[in-house]
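Have the viewer open as you read.

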Amino acid sequence: MQIAAIPFDYPFELRKSALVIIDMQRDFIEPGGFGETLGNDVNLLAAIVPACQAVLAAWRAAGGLVVHTREAHAADLSDCPPAKRNRGNPSLRIGDAGPMGRILVTGEPGNQIIPALAPVPGEIVLDKPGKGAFYATPLHQLLQQAGITHLVFMGVTTEVCVQTSMREANDRGYDCLLLEDCTESYFPQFKQAAVEMLRAQGAIVGWTATSAQLIPALAALPAAQG
Ligand code: C5J
């Protein structure tokens, strides 16, 4: 099957594909988390939630593999390099106590995936200490074991963790599709630039499409066995 995409149709086979949802966690989407401590308007990111929900529901109904990531550090911050913690001028740094618990620390309330996109049993949930989903995680191994060659990406932020993860995936040989209306940045111009550079030069990193281009293709597949 082919999905209409930019710069050209994306070859799609569900059993070889995983839906990778990057960092749709309260720390980035809700007030009081890491995103807001950096001075950002989190409402921009919250706007993509309905489109992400629609894709996730269609993907689950078709029986596809789902991977959720969270940007998360160990409680002792042993996996958080000082260069990452000290960068910028946030009102709260990684590991500091905020209104939703310690910022970007595993297990804290703010580190949970937002309820609207909460993982269900059988889905992979990975904590990642870096911006990329492959750095210091077993993601590549898990995907290889599952026979996955194609990755469909959603999540935040487009130019940071989503773009980094797509580039890591591309270098490992995966064909990657980014759903444009299911990703967002605190900086709309950065989202636009990232989307354009990922698909430039003949899909040098990957393809882009919209949820409206993917969902009918998923709906046309036989429903997953209970
Ligand atoms: C950032 C992310 N922006 N998930 N993390 O620090 O994109």
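Pro-138 sits in the loop between strand S7 (124-128) and helix H6 (139-145); helices (H or I, at least four residues) and strands (E, at least two) are DSSP runs, numbered from the N terminus. Pro-138 comes out as partly exposed, at 37% relative accessible area; buried means under 20%, exposed over 50%, and partly exposed in between (1.4 Å probe, protein chains only). Its C-alpha atom is 9.9 Å from that of Asp-127, 11 residues away along the chain.

A word on ground rules: this is a predicted model, where local features need pLDDT of at least 70, side-chain atom pairs count only at pLDDT 80 or more, and totals for chains, interfaces and linings use all residues. Residues are numbered from 1 along each chain as its sequence is written, and side-chain values use heavy atoms, with hydrogens and water left out.

The loop between S7 and H6 also holds Ala-136, which has a positive phi of about 60 degrees although it is not a glycine. Ala-136 is exposed, at 56% relative accessibility. Gln-201, in helix H8 (residues 188-203), likewise isn't a glycine and has a positive phi, about 55 degrees. Gln-201 is exposed too, with 68% relative accessible area.

Now the ligand. Around it (a heavy atom within 4 Å) are Asp-23, Phe-28, Glu-71, Lys-131, Val-156, Thr-157, Val-160 and Cys-161.

| Residue (backbone atom) | Ligand atom | Distance |
|---|---|---|
| Val-156 | nitrogen | 3.1 Å |
| Thr-157 | oxygen | 2.9 Å |
| Cys-161 | oxygen | 3.1 Å |

The protein covers 92% of the 230 Å² of accessible area that the ligand has on its own (Shrake-Rupley method, 1.4 Å probe).

Two of those contact residues, Val-156 and Thr-157, are joined by a cis peptide bond, with omega about -15 degrees. Thr-157 falls in the loop between strand S8 (150-156) and helix H7 (158-171). Another cis bond runs from Ile-6 to Pro-7, with omega near 10 degrees, and Pro-7 is in the loop between strand S1 (2-3) and strand S2 (10-11). Most peptide bonds are trans, and most residues other than glycine have a negative phi.

Is Asn-40 buried or exposed? Asn-40 is buried, at 14% relative accessible area. A polar atom of the Asn-40 side chain is 3.0 Å from the backbone oxygen of Gly-35.

How values were computed:
A polar contact is a pair of N or O atoms within 3.5 Å; within protein, one must be able to donate a hydrogen and the other to accept it, and residues adjacent in sequence count only if both atoms are side-chain atoms.
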